[in-house]
Amino acid sequence: MNSQAVYRGGVLHVDKCNASFNARLFVVAALADWGLWAMRADVVLCASELVGNVAKHALRPASGRDDDRLASIGLRSWPHELFLEVGDHDPRFPAAAEPQTPGADLADGGRGLQMVRALADGLFWKRADDGGKVVYCRFALASHGVGGVAGGALA
């Protein structure tokens, strides 16, 4: 098994009605190519939620047309873990309702990130070089019943 990471990335127009659908297709294709099919349900849901959050919450770009909002999406896999990366130009970090907050179960927002936290083995974000942010989900392959990237070739 190759100890190097394999990576696949793309860019989505988030103002198009099919951005989350395209994110799901992207994830399914990569996981199928890499032999990580058993992980698809959790990773697809997380990708769809994070891209949906960009479409719903990210500020419009300071310049360009209103439909120029983009989200980057990437999958990076090592022999023991997979990372999902979703980035956008908005500098604001995500805000998730905390489970112990009174009324959080009835809140209009934040439940999606709670779901992502429950499905992934880690959720974090950082400032991107362009001033935006990247949200990361980490998935331990063993906890999803898979042993790693098949073949080891870059995809």
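The legends below describe close-up views of one predicted model.

Residues are numbered from 1 along each chain as its sequence is written, and side-chain values use heavy atoms, with hydrogens and water left out. Because the model is predicted, local features need pLDDT of at least 70 and side-chain atom pairs count only at pLDDT 80 or more, while totals for chains, interfaces and linings use all residues.

View 1. Helices (H or I, at least four residues) and strands (E, at least two) are DSSP runs, numbered from the N terminus. Of the 155 residues in the chain, 41% are buried. Buried means under 20% relative accessible area, exposed means over 50%, and partly exposed is in between (1.4 Å probe, protein chains only). Among contacts between residues at least 6 apart in sequence, 66% join residues at least 24 apart. A contact means heavy atoms within 4.5 Å.

**View 2. The open sheet of five strands, in the order β1-β2-β3-β5-β4.** The pairing is antiparallel; two strands pair if DSSP finds at least two bridges between them. β1 (6-13) and β4 (122-127) stand at the edges with a single partner strand each, so one side of each has no neighbour in the sheet. From one strand to the next the twist averages 15°. Such angles run from 0 to 180 degrees between N-to-C directions, and axes are lines fitted to C-alpha atoms, for helices over the stretch in contact. β1 and β2 (residues 70-77) run antiparallel and are joined by eight bridges. In this pairing, valine 6 stands opposite serine 77 in β2.

**View 3. Helix α1 (residues 19-33), packed on the sheet.** α1 touches β1, β2 and β3 (81-88), and its direction makes about 165° with that of β1. The helix has 15 residues and reaches 21 Å from its first C-alpha to its last, close to the 21 Å expected at 1.5 Å a residue. The expected span is 1.5 Å times one less than the number of residues. Which residues of α1 are buried? They are Ala19, Ser20, Ala23, Phe26, Val27, Ala30 and Leu31. These residues cover an arc of only 120° around the axis, which puts them on the same side of α1. The arc is that of the directions from the helix axis to the C-beta atoms. The cover over the buried residues of α1 includes β1, α2, β2 and β3. After α1 comes glycine 35, with a positive phi near 75°.

**View 4. Helix α2 (residues 40-57), lying across β1, β2, β3 and β5 (133-140).** α2 runs at about 15° to β3. At 1.5 Å a residue its 18 residues should span 26 Å, and the end C-alpha atoms, 25 Å apart, agree with this. The buried residues of α2 are Val43, Val44, Cys46, Ala47, Ser48, Leu50, Val51, Asn53 and Val54. Among the elements that cover them are β1, α1, β2, β3, α3 and β5.

**View 5. Helix α3 (residues 111-119) and its buried residues, Gly112, Leu113 and Val116.** Seen down the axis of α3, these residues fall within an arc of 95°, so they line one face of the helix. The buried residues of α3 pack against α2, β4 and β5.

**View 6. A cluster of Trp78, Phe83, Phe124 and Tyr136, linked by ring pairs.** The structure holds three aromatic pairs. Rings of Phe, Tyr and Trp (its six-membered ring) pair if their centres lie within 6.5 Å; planes under 30 degrees apart count as stacked, over 60 as edge-to-face and the rest as tilted. Phenylalanine 83 and phenylalanine 124 form an edge-to-face pair, 6.2 Å centre to centre with 80° between the planes. This pair links strand β3, which holds phenylalanine 83, to strand β4, which holds phenylalanine 124, 41 residues apart.

**View 7. The stacked pair of phenylalanine 124 and tyrosine 136.** The ring centres are 5.1 Å apart and the planes are at 15°, so the pair is stacked. Phenylalanine 124 lies in strand β4 and tyrosine 136 in strand β5, so the pair ties together parts that are twelve residues apart in sequence. Tyrosine 136 counts as buried, at 13% relative accessibility.
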